[in-house]
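Please find my notes on this model below.

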Amino acid sequence: MELLLIVLVLIGLVVGGVASTVRIVPQARRYNIERFGRYRVTLQPGLNFVIPLVDRVNTKLDVRETVYSSNPRPVITEDNLVVAIDTVLYYQITDPRAAAYEVANYLQAIDQLTVTTLRNLIGSMDLETTLTSRETINTRLREVLDDATGKWGIRVNRVEIKAIDPPASIKEAMEKQMRAERDKRAAILHAEGKRASLILEAEGTRQRSILEAEGHQQARVLEADGEAKALERVFQAVHANDADAKVLAYKYLEMLPSLAAHGNSFWVIPGELTEAMRTVTGAFADTASKSVDNGNSNGHGDERRTPPLPGPRNAIEQAQREAHEEAAKAVEEAKEEAARADRIVG
């Protein structure tokens, strides 16, 4: 019985010794081994063997990339404003021995170095530059931290500023400034739109005036041409048919109602109307004289003679001259209208 107990004890000691000899290191982990208090080796992932009671595991380190977020720290800018800045740090342990023995607490050391570097950088910038220079601050922080943590066996892969919080009064002032800037831009855009609208409206009015003037000019020219052609055809017909002076006088009388048409309150009687009236009067007088002569010849009365009427050829020539004068006057008016249209266009 005693022998069995001794065997069990020996088996237990062997199993415990073997268990204390074997060390299994997970992936992405590193174990620092000390022998009698002195660094001996860093165990790699997998199965490792150590000497029991002689070797011991000092530190277990994770060599994966790790994220460290710092608390907001007050920083004074060049224009004496206090802003709270918090950062996010991405780092990775590259040398487990240096990370365990070169620095007591590498996270605290990195945090303090970050705060010191931030205060040096922000202290040389005003608030406006600080808010718009995040990329510059990140690059400078990474350079300083990477240079300082290299001897600690740590590589800083990336540094980002998570937030920059100015005081509440500064935030309110900035909001008012931004609101004023937006109102200013809105007023400028409204003024530019109104200016463009007025320009377009003026261009449209100018184009309309030009087109109306050109249309009026063409209408006057065509009207004058039509009147000239009509008068020319009428005079040709009168001249070809050798109209009597009585017919011309009748035409004068026939045109009298049209002079007072369309509500005209003032109209002028041409000087030739008197001659036409004399012609008509003479014609009627001639008719009456012929009647009297016939009676006298039947009754053997005294013979009376009326003064001769003006010939039809003279009346036709006078009418032609007047028509040519009217046509020339219409052409001159068309030219004046065209000149006024050209001045409007210019």
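1. Basis. This is a predicted model: local features need pLDDT of at least 70, side-chain atom pairs count only at pLDDT 80 or more, and totals for chains, interfaces and linings use all residues. Residues are numbered from 1 along each chain as its sequence is written, and side-chain values use heavy atoms, with hydrogens and water left out.

2. Confidence. pLDDT is the predictor's confidence in each residue, from 0 to 100. Its mean over the protein is 77. Of the residues, 68% reach 70 or more. Over residues 297–313 pLDDT stays under 50. The model has 19 contacts (heavy atoms within 4.5 Å) for that stretch beyond four places in sequence. Where pLDDT is low, the predicted coordinates should not be read in detail.

3. The sheet. Three strands make an open, antiparallel sheet, ordered β3-β2-β5. Strands are DSSP runs (E, at least two residues), as are helices (H or I, at least four), numbered from the N terminus. Two strands pair if DSSP finds at least two bridges between them. β3 (38–43) and β5 (55–62) are the edge strands, each with a single partner, so one side of each has no neighbour in the sheet.

4. The β2–β5 pairing. Strand β2 (residues 29–35) pairs with β5 over seven bridges, in the antiparallel sense. Asn 32 stands opposite Thr 59 in β5.

5. The whole structure holds nine salt bridges. One joins Arg 35 to Asp 55, with the closest N and O atoms 2.5 Å apart. Arg 35 is in β2 and Asp 55 in β5, 20 residues apart. Asp 55 is buried (under 20% relative accessible area), at 7%. Another bridge joins Lys 162 to Asp 86 at 3.7 Å, N to O. Lys 162 lies in strand β9 (residues 154–165) and Asp 86 in strand β8 (residues 82–93), 76 residues apart. Asp 86 is buried at 9%, whereas Lys 162 is partly exposed at 46%.

6. A salt bridge within a helix. Arg 140 and Glu 143 meet at 3.5 Å, N to O. Both lie in helix α5 (residues 134–149), three residues apart, about one turn. Arg 140 is partly exposed at 41%. Glu 143 is partly exposed at 44%.

Notes
A salt bridge is a side-chain nitrogen of Lys or Arg within 4 Å of a carboxyl oxygen of Asp or Glu. Buried means under 20% relative accessible area, exposed over 50%, partly exposed in between (1.4 Å probe, protein chains only).
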